Amino acid sequence: MSLKNKVAIVTGGNSGIGQAIVLELARQGASIVIDYVVHPEATEKLEQQIAKLGSQCSGVEADVSKVAELQKMVDAAVKTFGRLDIMVNNAGVETRTSVLDTTESQYDRVMAINLKSAFFGTQIAARQMIKQGGGGRIINITSVHEDWPMPGNTAYCLAKGGMRMLTRTAGVELAKHNVLIVGVGPGAVATPINLSTMNDPAKLAQLDAAIPIGRMARPEEIASVVAFLAGDGASYLTATTIFADGGIMQASVGL
Ligand code: BGC
């Protein structure tokens, strides 16, 4: 229960990596606020699961690409649980479209949900952490693709690359307030975002072969890194990214 009495927000917390993060933070004793746009029922189910773990979770209807709605989440955390200690900017989407075909609305959506929400999530959470005193943790869920090109997914790489510099720059700027900012860069994780690969045995075999550990990550293997970063053991980490990628970024066939 290393996060007992801590209050966290996890954007995009009701599916994929976000859901695993919510469950792990709850297991460690944190109270959590998550957003929902289209699936209040997924949020309710999660709230019940968390109650069974002895923690609390509150769902807020919010579109995290809108600044006022991020503010609404922070206000809800303060109103319901009294404070905010941990902000996880996790919400993310990708289009897997070529730079030649990506439309303006696809581009805007990818940038708004991945990058704009992380920028303003950082701003609004940090303001609250500074106001209440004592600092806090901001964890940005980026990707190996904050640094590593993914052809056919350029807008996503751009947004994740922006999150890399958000983590570094805001991390430097806010360290004096003890607001520590770290990115977590997953490789391929078995979540809905990767369903098309998971449903194609040839593609999946090719992906597994490219990963030194030999398989995709389970969402819980990313969540455990986030829980560590939210806890006391990570008090000297800021302005950097931890890659939990099974070694994929360093993979080499040795030729
Ligand atoms: C992307 C996935 C991709 C994985 C590994 C993730 O950030 O969302 O589509 O499979 O990186 O390349």
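The lining of the second largest pocket splits into 6 nonpolar, 3 polar and 2 charged residues (Ala, Val, Leu, Ile, Met, Phe, Trp, Tyr, Cys and Pro count as nonpolar, Asp, Glu, Lys and Arg as charged, and the others, Gly among them, as polar). The model is a predicted one, where local features need pLDDT of at least 70 and side-chain atom pairs count only at pLDDT 80 or more, while totals for chains, interfaces and linings use all residues. Residues are numbered from 1 along each chain as its sequence is written, and side-chain values use heavy atoms, with hydrogens and water left out.

Pockets come from a 1 Å grid over the protein atoms alone: a pocket is an open set of points where a 1.4 Å probe fits, with protein on both sides within 12 Å along at least five of seven lines, and lining residues have an atom within 4 Å of a point. The second largest pocket has a volume of about 220 Å³ (the space filled by probe spheres set on the points, which are joined across faces, edges and corners). Among the residues lining it are Phe119, Arg127, Leu166 and Glu173. Two elements, α4 and α5, each give two or more residues to this lining, and α4 gives the most, with 6 residues. Helices (H or I, at least four residues) and strands (E, at least two) are DSSP runs, numbered from the N terminus.

Now for the largest pocket, with a volume of about 1,200 Å³. Its lining takes in 47 residues, and Gly92, Glu94, Tyr156, Thr191 and Ile193 lie nearest the centre. By type, this lining holds 24 nonpolar, 16 polar and 7 charged residues. The largest share, 4 residues, comes from α7; other elements supplying at least two residues include α1 (16-27) and β2 (31-36).

The largest pocket is also where the ligand sits, meaning that more than half of the ligand's atoms lie within 2 Å of the pocket's grid points. Around the ligand are Glu94, Arg96, Ser143, His145, Met150, Tyr156, Gly187, Ala188, Ile193 and Asn194, each with a heavy atom within 4 Å of it. This shell divides into 4 nonpolar, 4 polar and 2 charged residues. Ligand oxygen atoms come 2.5 Å from a side-chain N or O atom of Arg96, 2.7 Å from one of Ser143 and 2.6 Å from one of His145. The protein covers 92% of the 310 Å² of accessible area that the ligand has on its own (Shrake-Rupley method, 1.4 Å probe).

Note on methods. Polar contact = N/O pair within 3.5 Å; in protein donor to acceptor, adjacent residues only side chain to side chain.
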